[in-house]
Amino acid sequence: MRTMRQDSSLAKERLVQGLALAVLLLMGLFVVAGPSGLIAWSENQRMLEQRRVKLVELMAERDRLKNRVNLLAPNKVDPDLAGELLRGNLNVARPDEMVMLLPEGR
């Protein structure tokens, strides 16, 4: 004979088991389809490769800019670069000079 307490404890036990199963299923769903799950893995790898390529480009740009800064150091200014910057930024040219605009990526 079942008593009222046994029925209520059995119902509580099934509720706890049901909740535990729901939590486990939700965790499994995140493992497969979550932001860092198995499905997103290939997308993350592709984005990582793109960012590595961009990093190499940015490092090359940084090195180019660092070189220009070194050429403009106050104690040893490169006269060609100084003349180029003056003429380009201030629009200064002698009457016998011809100005030729070049594309940025020379």
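**Close-up views of salt bridges and a nonpolar patch**

Asp63 is partly exposed, with a relative accessible area of 43% (partly exposed lies between buried, under 20% relative accessible area, and exposed, over 50%; 1.4 Å probe, protein chains only). The model is predicted, so local features need pLDDT of at least 70 and side-chain atom pairs pLDDT 80 or more, while totals for chains, interfaces and linings use all residues. Residues are numbered from 1 along each chain as its sequence is written, and side-chain values use heavy atoms, without hydrogens or water.

**View A. Arg62 pairs with Asp63.** A salt bridge joins the two side chains, at 3.6 Å from N to O (salt bridge: a side-chain nitrogen of Lys or Arg within 4 Å of a carboxyl oxygen of Asp or Glu). Arg62 is partly exposed, at 44% relative accessibility. A search of the whole structure finds three salt bridges. Side chains of opposite charge can pair when their charged atoms come close.

View B. Glu61 is partly exposed, at 35% relative accessibility. Arg64 is also partly exposed, at 40%.

**View C. Glu43 meets Arg46 in a salt bridge.** The N to O distance is 2.3 Å. Helix H2 spans residues 38-71, and both partners lie in it. Because they are three residues apart there, about one helical turn separates them. Glu43 is partly exposed, with a relative accessible area of 34%. For Arg46, likewise partly exposed, the value is 40%.

**View D. Val31, Val32, Leu38 and Ile39 make a nonpolar surface patch.** The patch covers about 400 Å² (accessible areas: Shrake-Rupley method, 1.4 Å probe; for residues, only the protein chains shown count as cover). Patch residues have over 30% relative accessible area and no salt bridge; nonpolar side chains (Val, Leu, Ile, Met, Phe, Trp, Tyr) are joined within 5 Å, like charges within 9 Å. Helix H1, residues 4-33, supplies at least two residues of the patch, and so does H2. Leu38 sits in helix H2. This leucine, Leu38, is exposed, with a relative accessible area of 63%.

Key:
Helices (H or I, at least four residues) and strands (E, at least two) are DSSP runs, numbered from the N terminus.
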